[in-house]
Amino acid sequence: MDRRGPAGDAEPVLVVFSPSPRGALTLVHRDDGVTLEMRSYDRKSRVPHDLAHAVTERELGWRTGVFGCLAAGALFSSVRVLDGRQRYDARERSRRLIAGHARDIGVAELLAWVVHEAVEHGTGNPFLAARDAWGTLREDPFPYDETDLQRATSTLRRLGDAWLNLPPGDGLRFSWPRRLTAPAVPPARPRPRRVPRRVR
């Protein structure tokens with residue numbers, strides 16, 4: 001599955017990052033009218049961890065990470081529905097999304113951590129670190145080059161500066177493109193019942 005695509009498509013999901021006494025508060029305004037609230041508790045970081053996730057996943061075109069799954073209907077433990085009406089099968093849909101994309105969510109965690117560390121501490125080579133992290137979870141070749149990691153790091157650095165200079169009461173707005181919404185995971189098909197053979 002190709003998780004990278006051309007830029008410039010519709011961006012229906014608005015994400016707003018706001019300062020919070022416990023770290024950062026993230027609001028995800030989905031295109032179905034549902035608003036989610038995601039709490040973060042990384043007060044020690046200059047740049048919020050969730051912002052690093054959003055930037056890394058978007059810049060690398062990773063649609064089956066945290067924010068791609070949120071856009072598709074996933075509800076992680078740190079997330080609650082703030083407004084809007086959910087689908088009738090929202091809970092089951094969320095469970096399937098998180099379980100079905102669990103390994104890719106893990107990859108997104110590692111990639112976001114690498115980019116976040118590069119911006120927070122300014123040390124190391126994010127490309128080499130990301131490539132090594134990739135190899136701990138996947139056997140296929142690393143799909144990115146140095147330019148991809150430089151772009152993600154540069155974008156997070158720029159948005160991190162904007163975050164640190166937010167006027168009181170403001171939030172940092174971030175668009176999540178439609179093409180990076182995680183694909184739905186269909187329910188498992190029930191196994192056909194075996195009819196016992198009659199023995200004469």
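Let's start with the sheet: five strands form an open, antiparallel arrangement in the order 4-3-2-1-5. Its edges are taken by strand 4 (79-83) and strand 5 (172-176), and because each has a single partner strand, one side of each is left without a neighbour in the sheet. From one strand to the next, the twist averages 25 degrees. Keep in mind as you look around that this is a predicted model.

Strand 3 (residues 35-40) runs antiparallel to strand 4, and four bridges join the two. Within this pairing, Leu-36 sits opposite Val-81 of strand 4.

Helix 1 (residues 49-59) lies across strand 1 (13-20), strand 2 (23-29), strand 3 and strand 5, and runs at about 35 degrees to strand 5. Helix 6 (residues 146-164) lies across strand 1, strand 2 and strand 5, in this case running at about 145 degrees to strand 5.

Glu-59 belongs to helix 1, and it counts as buried because its relative accessibility is 15%, below the cut-off of 20%. Beyond its neighbours within four places in sequence, Glu-59 is in contact with Arg-151, Ala-152 and Thr-155. The C-alpha atoms of Glu-59 and Thr-155 are separated by 8.1 Å, although these residues are 96 residues apart along the chain. The side chain of Glu-59 also makes a polar contact of 3.4 Å with the side chain of Arg-58.

In the whole structure, seven aromatic pairs are found. One of them is the tilted pair of Phe-17 and Phe-67, at 6.4 Å centre to centre with 55 degrees between the planes. This pair links strand 1, which holds Phe-17, to helix 2 (residues 66-72), which holds Phe-67, across 50 residues of chain. Phe-17 and Phe-67 are both buried. Phe-67 also forms a tilted pair with Trp-176, at 5.9 Å centre to centre and 35 degrees between the planes. Because Phe-67 lies in helix 2 and Trp-176 in strand 5, this second pair ties together parts that are 109 residues apart in sequence. Phe-67 and Trp-176 are both buried. Elsewhere, ring pairs link Trp-62, Phe-127, Trp-134, Phe-142 and Tyr-144 into a cluster.

Let's finish at helix 3 (residues 90-100), where you will find Arg-96. With a relative accessibility of 13%, Arg-96 counts as buried. Leaving aside neighbours within four places in sequence, Arg-96 is in contact with Val-185, Pro-186 and Pro-187.

Terms used. Residues numbered from 1 in each chain as written. Predicted model: local features only at pLDDT ≥ 70, side-chain atom pairs only at ≥ 80, totals over all residues. Heavy atoms only, no water. Buried < 20%, exposed > 50% of the residue type's maximum accessible area, 1.4 Å probe, protein only. Contact = heavy atoms within 4.5 Å. Pairing = 2+ DSSP bridges. Axes fitted to C-alpha atoms, helices over the stretch in contact; angles between N-to-C directions. Polar contact = N/O pair within 3.5 Å; in protein donor to acceptor, adjacent residues only side chain to side chain. Phe/Tyr/Trp six-rings, centres within 6.5 Å; stacked < 30°, edge-to-face > 60°.
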